[in-house]
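Me: Please take one paired region of this model and go through it closely, with the cut-off behind each term. Then set it against the rest of the chain.

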Amino acid sequence: MSRSKSVHATSTSGYTRNMLFLVLLSTIALAHASIIPQIVPVPAPQPYKFGYSIRDQNSQQYRQEAGNGAGGVIGNYGFTDDRGIARQVNYVADDAGFRAQVLTNEPGTANQNPAAVQIISNAPYAGSVPVGPAVVVQQPIRPAVVVQQPIRPAVVVQQPIRPAVVVQQPIRPAVVVQQPAIGFRAEYGHGF
């Protein structure tokens, strides 16, 4: 009877060892599989076009844009407020970079071309407005009051530097649970 118990104990020990080996092997396989990069097909670029316009009793805002699917974009946006001040920005972005043209009648603007932006203004230039003679009021100059106080040295408290406490623990393999994606639509090639 003692012999059957020892045989049973040996076979249980072998079974446990085999199970541990299979669990270890599965963990390594899952870890290795998560490191291998997944090749996901990138959908081909698609041309697009959108726009909107908002108008109320006092103002208007709008935007339109179109992309050719190869990286080129052309569009415009702008506004007009209740005083008639308007700005329209026409832009192009392609292999040659970003370029914009600003049409405006905003006060204080002038025709200029900073960077790749062309500003075309039909607002009156601030320097062209006729100005009457300047009125100069002269008052006597009063000296400033200066109060001098002695300089006091700053108080510096020095404390010894204490090393940081570092706790090192062994690295444990991560548990990876794989589940099917929810909401995946295969006909479009992307989720949701």
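Reply: Strand β5 pairs with strand β6 (residues 117–121) in the parallel sense, over 5 bridges. Strands here are DSSP runs of E with at least two residues, helices are runs of H or I with at least four, and both are numbered from the N terminus. Two strands count as paired if DSSP finds at least two bridges between them. This is a predicted model, in which local features need pLDDT of at least 70 and side-chain atom pairs count only at pLDDT 80 or more, while totals for chains, interfaces and linings use all residues. Residues are numbered from 1 along each chain as its sequence is written, and side-chain values use heavy atoms, with hydrogens and water left out.

β5 also pairs with strand β4. Strand β4 covers residues 86–94 and β5 covers residues 97–104, and the two run in the antiparallel sense over 8 bridges. The link from β4 to β5 is a hairpin of 2 residues. A salt bridge is a side-chain nitrogen of Lys or Arg within 4 Å of a carboxyl oxygen of Asp or Glu. Side chains of opposite charge can pair when their charged atoms come close. Both partners are partly exposed, R99 with a relative accessibility of 32% and D94 with a relative accessible area of 35%. The classes are buried for under 20% relative accessible area, exposed for over 50% and partly exposed in between, with a 1.4 Å probe and protein chains only.

T104 is part of strand β5 and stands opposite S121 in β6. T104 has a relative accessibility of 6%, so it counts as buried. Leaving out residues up to four places away in sequence, T104 touches A86, R87, T109, I119, I120, S121, N122 and A123; contact means heavy atoms within 4.5 Å. A polar atom of the T104 side chain lies 2.9 Å from the backbone oxygen of A86. The side chain of T104 is also joined to that of E106 by a polar contact of 2.8 Å. A polar contact is a pair of N or O atoms within 3.5 Å; within protein, one must be able to donate a hydrogen and the other to accept it, and residues adjacent in sequence count only if both atoms are side-chain atoms.

Now the rest of the chain. The chain holds 1 helix and 8 strands, in the order α-β-β-β-β-β-β-β-β. Of its 192 residues, 12% are buried. Among contacts with a separation of 6 or more, 7% are between residues 24 or more positions apart.

Another joins the side chains of R63 and E65 at 2.7 Å, N to O; R63 is partly exposed at 28% relative accessibility, whereas E65 is buried at 11%. R83 and D81 form a further one, with their closest N and O atoms 3.0 Å apart. There R83 is exposed, with a relative accessible area of 65%, and D81 is buried at 18%.

D56 sits in the loop between β1 (48–55) and β2 (60–67). Its relative accessible area is 47%, so D56 is partly exposed. The side chain of D56 reaches two backbone nitrogens, that of N58 at 2.8 Å and that of S59 at 2.7 Å. D56 and D82 are 26 residues apart along the chain, and their C-alpha atoms are separated by 9.8 Å.

Last, the surface. The chain exposes about 17800 Å², of which carbon and sulfur atoms supply 61%. Accessible areas come from the Shrake-Rupley method with a 1.4 Å probe, and for residues only the protein chains shown count as cover. Y15, M19, F21, L22 and L25 make a nonpolar surface patch of about 530 Å². Patches consist of residues with over 30% relative accessible area and no salt bridge, where like charges are joined within 9 Å and nonpolar side chains (Val, Leu, Ile, Met, Phe, Trp, Tyr) within 5 Å. L25 lies in helix α1 (residues 2–35) and is partly exposed, with a relative accessible area of 45%.
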